Structures are given as C-alpha cells and as structure tokens.
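Dear colleague,

Please find the structure below, handed over for your study. My notes on what was found follow directly after it.

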Amino acid sequence: QVQLVESGGRLVQAGESLRLSCTASGDSFKHYTMAWFRQAPGKGRDFVAAITSSGAVTYETNSVKARFTISRDNSKNTMYLQMTSLNPEDTANYYCAADEYGGTEYTWAREIYNYWGQGTQVTVSS
C-alpha cells in the first residue's frame, strides 16, 4: 500500500506562481510513474502532467505545457508541480497519483494509477 500526501495549495492572485508537492510512502518511489490531475467543482478529473521513473514527462497540451513544470526528487520520495502565470481557470483541487508498476503507456489516463492522494486546493483570484 502506498500513501500519497499533497501540499502547497492556497489562494493566489492571477499571474502568480505556486509549487505543489506530493510525498509518497515506502521504498519503491523511484520505480513509480507519477502524475498530477485536477478537478474543479462540477467537472471531471482532468490530466495535468506525468513523469515516469526514467524522467520522461507528458503534459496536457492546452496551456499547461507552457506554464507548468513537473519534476521529481527520488531521494525525498517527492514529486513537484511548479506552476507559473496562474489564471482563474487553473482553480481546482489538484490530486497526486501513482502507478506502482511504472507504466509508460497512456500515462494521461486515470485508469493506470492505483494510488491517489487526498488533493490540495488551488484557488486563483482575478
């Protein structure tokens, strides 16, 4: 069993930056494919970015790729999402996800992830 804990979400103004963190339990973090998803009230849980055990990254292409950076520090069992130029459309609960099998196909799909964090709220005011 893997436990994931997100942190860093808060209220910010449009144009500001924010860094989210996700820390995993256990000894096998370096083998996991990790991802960020986000969900606004009344909407589905959408893919944001993913990073494999080898460091290969995938981003949602519409606006996210230009402004967000996903990274990981295996020595700290932690994945990060650095967000810049935030706008109100980025307001959502951001969830951390882990695929303990380290899959490299369909990393944008919710179905491959078998562990999820509780979410951290990001609110961007205009």
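**The disulfide**

The torsion about the S-S bond of Cys22 and Cys96 is about -65°, so the disulfide is left-handed. This pair links distant parts of the chain, with Cys22 in strand β3 (residues 18-24) and Cys96 in strand β9 (residues 92-99), 74 residues apart. Please keep in mind that the model is a predicted one. In it, the S to S distance between Cys22 and Cys96 is 1.9 Å, and the structure holds one disulfide. Cys22 has a relative accessible area of 0% and is therefore buried; Cys96 also counts as buried, at 0% relative accessibility.

Strand β1 (residues 4-7) has Leu4 and Glu6 on a covered face, while Val5 and Ser7 are on an uncovered one. Strand β1 pairs with β3 in the antiparallel sense, over four bridges, and Val5 stands opposite Thr23 in β3.

**Aromatic rings**

How many aromatic pairs are there? The count comes to six. One of the pairs, Phe29 with Tyr32, is edge-to-face, at 6.4 Å centre to centre and 75° between the planes. Both Phe29 and Tyr32 are buried.

The ring centres of Phe37 and Phe47 lie 5.6 Å apart and their planes are at 75°, so this pair is edge-to-face. Because Phe37 lies in strand β4 and Phe47 in strand β5, the pair ties together parts that are 10 residues apart in sequence. Phe37 and Phe47 are both buried. Ring pairs also link Phe37 and Phe47 with Tyr113 and Trp116 into a cluster.

Finally, which rings does Arg45 lie over? The charged end of Arg45 sits over the ring of Tyr95, 3.7 Å from its centre. Arg45 also lies over the face of Trp116, at 5.1 Å from the ring centre.

With kind regards

Methods: Residues numbered from 1 in each chain as written. Predicted model: local features only at pLDDT ≥ 70, side-chain atom pairs only at ≥ 80, totals over all residues. Heavy atoms only, no water. Disulfide = S-S within 2.5 Å. Helix = DSSP H or I, 4+ residues; strand = E, 2+ residues; numbered from the N terminus. Buried < 20%, exposed > 50% of the residue type's maximum accessible area, 1.4 Å probe, protein only. Pairing = 2+ DSSP bridges. Phe/Tyr/Trp six-rings, centres within 6.5 Å; stacked < 30°, edge-to-face > 60°. Lys NZ or Arg CZ within 6 Å of the ring centre and 35° of its normal.
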